[in-house]
Amino acid sequence: MLSLVQARALQLSAQGLLQPPRRRPRRDDVVAAVERMRLLQIDTIHVVARSPYLVLHSRLGDYPMSWLDEALAQGRLAECWAHEACFVSAADVAWHRGGHGHRTHHWAQRNAARMHREQRVEMDALLEAVRASGPVRAADFARRDGASKPGWWEWKPEKRWLEAWFALGELMVARRDNFQRVYDLAENVLARLDPPFDPAAAPSAAQLRQRFIVDGVRALGVTRAGWIADYFRLKPKVSDRELAPLLASGELLAVPVQGWNTPGYVHRDHAEALDKALAGRLRATRTALLSPFDPLVWDRARALAMFDFEYTIECYTPAPKRRYGYFVLPILHRGRLIGRLDAKAHRSTGQFEVKALFLEPGVLPEPPLVQAVAKAIADTARWHGTPEIRLGSTQPAAMARLLRAAWREAG
């Protein structure tokens with residue numbers, strides 16, 4: 001039986017968060033990390049680094065953000081709708097393209113289909129314009145209503161139509177310019193993928209579902225059946241009964257986990273890591289700041305069950321109702337989620353502001369923990385190009401003095 005500590009270590013190992021990197025990152029590590037997670041969720045909030053860059057930093061350390069943009073432009077990664085809008089490996093695109101006819105439950109595709117029904121003339125004209133003139137950005141279209149507020153609710157019509165065609169699969173993202181999507185015909189983007197896209201690949205709905213179930217288990221390291229569907233937004237939920245054939249074939253392994261009333265599932269690729277975990281030889285030593293959209297925590301029920309960490313993204317909550325802050329980063333330390341911090345990177349002044357930091361109840365600010373957290377914050381700040389740290393309040397209050405002392409000692 002896996003203890004909960006061992007199960008956490010196995011999940012962190014699968015996600016690339018078990019131990020610090022042993023060498024400096026290389027360009028290929030960006031694609032390898034996405035392949036390992038199977039998905040890299042995209043979000044545009046950038047009070048700290050935008051989420052996909054931060055998720056990679058948690059795993060790779062000090063890498064240039066431009067590497068992600070380059071991998072997309074080179075066709076080694078692609079964008080699609082999966083969990084939400086995500087980067088995926090070029091090798092997986094055929095599976096996600098095959099899902100367009102079988103994922104009508106996803107809100108993005110439902111909304112896109114409705115928009116096409118209601119605004120068919122305008123959307124078809126836009127698609128023909130891209131076909132005639134080549135790749136476009138939403139910024140290439142002037143506003144006609146005078147509005148200037150940010151956010152999807154203020155998108156100009158052309159942006160909504162471009163996004164709808166992206167969700168429907170007729171357009172894809174060729175590259176990003178300053179994180180703005182550059183849309184092109186799907187056939188043009190697919191022709192540049194590396195490895196090449198096979199247009200003959202046409203998996204059935206059953207094949208797609210099984211592939212995404214298996215990939216979800218592989219990405220999670222160890223999981224209950226009830227947590228699998230969320231990874232790729234599958235419907236209906238995955239049941240123990242549905243997994244029985246995968247156990248019989250040896251694709252998946254079943255293992256009891258302390259405190260769980262249902263089996264834990266592990267992909268056979270992690271059999272060696274499972275043996276190490278059961279023997280107590282899978283040691284979590286990584287300390288890192290996580291994105292709110294990191295796969296480790298995006299399923300709130302799983303984060304609570306696995307790490308006893310209750311987490312809500314409060315950037316969508318009115319300010320007076322926020323408990324912790326606008327963009328709160330979970331703190332991973334040696335296999336536990338030990339706290340969270342509300343941060344903002346002031347790039348124009350080179351300052352990394354920690355507005356507030358909270359340790360979880362029962363977590364003590366002991367010297368090794370303080371030093372590790374101080375280093376994780378300093379590393380993230382330096383990677384941002386905002387090396388001057390400005391610290392606000394902490395809970396417990398003594399944590400502030402200890403962090404400042406750790407930064408002074410580190411120079």
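Contact, as the term is used throughout this tour, means heavy atoms within 4.5 Å. The model is predicted, so local features need pLDDT of at least 70 and side-chain atom pairs count only at pLDDT 80 or more, whereas totals for chains, interfaces and linings use all residues. Residues are numbered from 1 along each chain as its sequence is written, and side-chain values use heavy atoms, with hydrogens and water left out.

**Stop 1: Phe 87**

Select Phe 87, a residue of strand β3 (residues 85-89); helices (H or I, at least four residues) and strands (E, at least two) are DSSP runs, numbered from the N terminus. Phe 87 has a relative accessible area of 1% and is therefore buried; buried means under 20% relative accessible area, exposed over 50%, and partly exposed in between (1.4 Å probe, protein chains only).

Next, display what surrounds this side chain. With neighbours within four places in sequence left aside, Phe 87 is in contact with Val 34, Arg 38, Leu 39, Leu 40, Ile 42, Pro 52, Leu 68, Leu 72, Ala 78, Glu 79 and Arg 176. A distance may also be drawn to Val 31: the two C-alpha atoms are 9.7 Å apart, although Phe 87 and Val 31 are separated by 56 residues in sequence.

**Stop 2**

Two strands pair if DSSP finds at least two bridges between them.

**Stop 3: helix α3**

Select residues 51-60, which form helix α3; ten of its ten residues are buried. Among them are Pro 52, Tyr 53, His 57 and Arg 59. Gly 61 follows α3 and has a positive phi, near 85°.

**Stop 4: the five-stranded sheet**

Move to the open sheet with the order β8-β9-β10-β11-β12, in which the pairing is mixed. β8 (287-289) and β12 (388-395) stand at its edges with a single partner strand each, so one side of each has no neighbour in the sheet. From one strand to the next, the twist averages 25°.

Within this sheet, select β10 (residues 336-346), which is joined to β9 (residues 328-333) by six bridges in an antiparallel arrangement. Val 328 has Asp 342 as its bridge partner, and Ile 331 has Gly 339. Two residues lie between the strands of this hairpin, where Arg 334 takes a positive phi near 50°. Eight of the eleven residues of β10 are buried.

On its other pairing, β10 is joined to β11 by eight bridges, again antiparallel, and His 346 has Gln 351 as its bridge partner. Four residues separate β10 and β11 in their hairpin, and Gly 350 in the turn has a positive phi of about 75°.

**Stop 5: Thr 386**

Which residues does Thr 386 touch? Thr 386 sits in the loop between α15 and β12 and, at 0% relative accessibility, counts as buried. Residues up to four places away in sequence aside, Thr 386 touches Ala 345, His 346, Arg 347, Gly 350, Gln 351, Phe 352 and Ala 381.

**Stop 6: helices α15 and α16**

Finally, select helix α15 (residues 367-384) and helix α16 (residues 398-410), which pack at an angle of about 65° with their axes 9 Å apart. The two helices are therefore roughly perpendicular, a term for angles of 65 to 115 degrees, where under 35 counts as roughly parallel, over 145 as roughly antiparallel and the rest as oblique. Show the side chains of the contact: Leu 369, Val 370, Val 373, Ala 374, Ile 377 and Ala 378 of α15 meet Met 399, Leu 402, Leu 403, Ala 406 and Trp 407 of α16. α16 also lies across β11 (351-359) and β12, and runs at about 155° to β12.

Key: Axes are lines fitted to C-alpha atoms, for helices over the stretch in contact, and angles run from 0 to 180 degrees between N-to-C directions.
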